[in-house]
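Let's take a walk through the rings and charges of this model. Have a look at the structure first, then read on.

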Amino acid sequence: MNSYLARKVLCNLPCMKPLLTGQLSLIIDNNVVVELWDNGVLYFQPQGSELRNAILLSVGVHGNETAPIEIIDQLVADILAGKIAVRNSLLIVIANPKAIKSGFREIDENMNNGPLPITNAESDEHHRTRTLMNYSRDFFSMDADQKIHYDLHTAIRGSVYKQFAVSPNSSDRAETEQQCLLLGQYGIEAILTTTQKSATFSAFTANILGATSFTLELGSAKPFGENNITEFAAIIEGLHGMISGKLALEVGRKKAKRFIVAAEVPKKTDAFRLLFASDIVNFTPFNEGDVLAADKDYQYIVTKSGERILFPNENVAIGQRALVIVRPDENYTENTL
Ligand SMILES: [Zn+2]
């Protein structure tokens, strides 16, 4: 048993020693059962009969995105030390321990492309993705009031909105709106709602398992030890509140700006080029008439001022999405404040 958690957290905590000698379940302070389901998959169940929320927190889908791993590392240590009382069912997933150990985004495959389509069906990431889908299904098939999943990431490039979320949930659900308001409270500045077909972990739990799910982009990817954890104080406070059942919507707190997808720009041939500087950050707005991308037979021209770019990458495979164009969702008044 040599998971990142085991190495970084469990080994240092006397109360967790039984887990490391083969006993996979124990009870910690606040009457919470802890079970190590697998390498990097840790389940917390408070005892008692009342129905609770089920909260899945995943990190390390991309192994070099270290800040979320450090946040969860500390969170688990605080829970195990009895400093945070777990009052909801909680599943912690360290998604790709091998990539984390090696310091790479991935070993063979991007886990956020799901298990299909696959370029190498025998890759570790392929198997790990399937395994995590099964654990998520097991977790969310247990009775719960609300089912919530946050998949924590950091981005390759900077952003106008330093911390933002991608929501694969339909926006007409009350649970989605409640979560979007809470995320604004936790310091998330922008939320993109997308109903485009996607193979991300959060899209799987939202669309297949019925959870209210978000991919959270919390800043830039840096090596372990170089993250300034104070930048994440608001989201950490939010996670503590969620887990301990103390969260409440507060009047007058900041709301996240809301965006929808205006277009997805595919790379159709090797001639594809993005026509803006490589250091332009996510959510940068452009003006009507600006040409953002060109391929052999077409260009992408901004049709309405205020369109913004997201996740540009001209190095994707032919046929894949090279750029997302977003625009403010006019159904939300906070966008105009
Ligand atoms: Zn990522």
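**Rings and charges**

Searching the whole structure turns up 11 aromatic pairs (rings of Phe, Tyr and Trp, the latter by its six-membered ring, with centres within 6.5 Å; planes under 30 degrees apart are stacked, over 60 edge-to-face, the rest tilted). Take tryptophan 37 and tyrosine 135: their rings are tilted, with 5.8 Å between centres and 35 degrees between planes. This pair links distant parts of the chain, since tryptophan 37 is in strand S2 (residues 32–38) and tyrosine 135 in helix H5 (residues 124–140), 98 residues apart. Helices (H or I, at least four residues) and strands (E, at least two) are DSSP runs numbered from the N terminus. Tyrosine 135 is buried at 17% relative accessible area, while tryptophan 37 is partly exposed at 22% (buried is under 20%, exposed over 50%, partly exposed in between, with a 1.4 Å probe and protein chains only).

Now for a pair that is edge-to-face: phenylalanine 164 and phenylalanine 283, 5.0 Å centre to centre with 80 degrees between the planes. Phenylalanine 164 is in strand S7 (residues 164–167), and phenylalanine 283 is in the loop between strand S11 (273–274) and strand S12 (291–294), 119 residues apart. Phenylalanine 164 is buried at 1% relative accessible area, and phenylalanine 283 is buried at 0%.

Back to tryptophan 37 and tyrosine 135: together with Tyr43, Phe139 and Phe140 they form one aromatic cluster.

This is a predicted model, where local features need pLDDT of at least 70 and side-chain atom pairs 80 or more, while totals for chains, interfaces and linings use all residues. Residues are numbered from 1 along each chain as its sequence is written, and side-chain values use heavy atoms, leaving out hydrogens and water.

The charged end of arginine 258 sits over the ring of tyrosine 332, 4.0 Å from its centre (the cut-offs: NZ of Lys or CZ of Arg within 6 Å of the ring centre and within 35 degrees of the ring normal). Lysine 268 lies over the face of tyrosine 298, 4.8 Å from the ring centre.

What about opposite charges? There are 8 salt bridges in the structure (a side-chain nitrogen of Lys or Arg within 4 Å of a carboxyl oxygen of Asp or Glu). In one of them, aspartate 124 meets lysine 98, with the closest N and O atoms 2.4 Å apart. Aspartate 124 is in helix H5 and lysine 98 in helix H4 (residues 97–102), so this pair ties together parts that are 26 residues apart in sequence.
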